[in-house]
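Biologist: Could you bring up the model? I'd like to talk through the ligand site, then one of the strands.

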Amino acid sequence: MTNVHEREKNLYLERTRRSAEIFHKARQLTPYGVHSNYKYVEPHPLYCAKGKGSKIWDVDGNEYVDFNMAFGALVVGHAHPTIIEAIRERIENGTLLGFECEDAHKLAELICRRFNVEMVKFSSTGLEGTAHAIRFARAYTGRKKILKFEGCYHGSHDGLLVSVKPSKQKAGDPKLPNQVPASQGIPEEITSNTLVAPFNDLEAIEAVMKRNGEETAAIILEPIPMNMGFITPSPGFLEGLRELANEYSSLLIFDEIKTCGKFYHGAAGYFRVQPDLSVMSKAISGGYPLSVIAGRKPIMEKVAPGVVAHAGTFNANPLSITAAKVTLGKVLDENGFNQASRLGDDLARGCQDIIKDFGITARVQWLGISGAILFSREEVANWRSFLECDFGKWNAYYIAMLNRGIIPAGTGADEQWTISVQHSKDDVEAHLEVFKEVAPMLKRQELSMGVVEAV
Ligand SMILES: Cc1ncc(COP(=O)(O)O)c(C=O)c1O
């Protein structure tokens, strides 16, 4: 007798023997055998060999329809032919020139027009993007503090690794959350400058700003938090933040690292709320490393050699610039987004029907090409309601889907699905068919209320 998760874990072990072998070798040289902690899954990570279109293959030859899409970075899908063609030509002409690449300004123009921003600076990763954005905000305002939201993730750097996934015990008062460091090794002096507030709660944020507003350089947020499942801002929330930032002369920073690739004009365009600075990355460069710090001219113009630092050897490297130009100029057009969004609606509604038919305690939260199944009865609106989800059930769901050839989302209950422009109706149907198979197992486990049960 064993529960669903244990049974599926055994099946996973059988199906992924080569991954296990690599893991045992890799972990001798690399902690947990992965180069980003988020890629680790129990009992061992999946090691992959190739990706094409909507699919990936692991080293054991198992095929998966991929709805993780590299944590949302591949809205273009895997190995898009238009991008390959452009990159091939670029490789032959050098991938790093040490001087500014001729097309970088053309990409800047494309981004400014599409995302309605005035100036940009290019870096390589999301982490670098948000680290620079808060530096720019501090330099512009002359203030130290940054206000972030509990459960939002802005990259693996000290200044914003605060209250990313705090436990209920450590998180404190839901209206006035503790500032919980998300890693060892972060000096307390840094954490103390990062204020924390609950998402979707303007009253609580107002109280924090009343006490700290005069010292607050910026309010930073994911306009749609996508590191606690999938949460949409409640009506008026983003507008309220805009007003609060204005009231205290703090800057409003949108971390659009995920959202910029989920809507044609990004979340700022979708919700029609203009931040002072935004950071974009992931999907805009079709699978190559690029991040963009974008913002109003007076803030951005302060960035100058010897005044406000911005640097990086691989910044605006020709490969990433070429990939981003083709991605934004030719692949992620409005038509592609509309088509992928329709598939997103089909997937979300299909999952809702299955949840209803089998009477599972779960809900689907989605908008456009991304969404998540959250094993919760109530709407998940912030970190505290996310903590109420049944993570045991999510783990069983995820591994059972994987064992049947569907990667339903990123590796964690805090992740979501991404539909790329290369996904088809068949892919969505395959996903739903597998979920129909997995749902009764989850229901039986739910009925057993955690009691060990054979299914
Ligand atoms: C919203 C958000 N911001 C920042 C980051 C960090 O980006 P990177 O992993 O490229 O450093 C991530 C990564 O998932 C993210 O989801």
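Biologist: How do the residues of the shell around the ligand divide into nonpolar, polar and charged?

Modeller: Three are nonpolar, five polar and four charged. Here Ala, Val, Leu, Ile, Met, Phe, Trp, Tyr, Cys and Pro count as nonpolar, Asp, Glu, Lys and Arg as charged, and the others, Gly among them, as polar. This is a predicted model, where local features need pLDDT of at least 70, side-chain atom pairs count only at pLDDT 80 or more, and totals for chains, interfaces and linings use all residues. Residues are numbered from 1 along each chain as its sequence is written, and side-chain values use heavy atoms, with hydrogens and water left out.

Biologist: Which residues surround the ligand?

Modeller: Among them are Thr125, Tyr153, His154, Glu222, Asn227 and Lys282.

Biologist: Which polar side-chain atom lies 2.7 Å from a ligand nitrogen?

Modeller: One from Asp255. That is a polar contact (a pair of N or O atoms within 3.5 Å). The backbone takes part too: a polar backbone atom of Gly126 is 2.9 Å from a ligand oxygen. For Leu127, a backbone N or O atom lies 2.8 Å from an oxygen of the ligand.

Biologist: How much of the ligand's accessible area does the protein cover?

Modeller: 82% of the 390 Å² that the ligand has on its own, by the Shrake-Rupley method with a 1.4 Å probe.

Biologist: New topic. Where is Phe254?

Modeller: In strand E8, residues 251-256. Strands are DSSP runs of at least two residues, numbered from the N terminus.

Biologist: Buried or exposed?

Modeller: Phe254 is buried, at 0% relative accessible area. Buried means under 20%, exposed over 50%, partly exposed in between, with a 1.4 Å probe and protein chains only.

Biologist: What is Phe254 in contact with, beyond four places in sequence?

Modeller: Its contacts (heavy atoms within 4.5 Å) include Leu221, Leu238, Val273 and Leu277. The C-alpha atoms of Phe254 and Leu277 are 6.5 Å apart, across 23 residues of chain.

Conventions. Near = heavy atom within 4 Å. Polar contact = N/O pair within 3.5 Å; in protein donor to acceptor, adjacent residues only side chain to side chain. Helix = DSSP H or I, 4+ residues; strand = E, 2+ residues; numbered from the N terminus.
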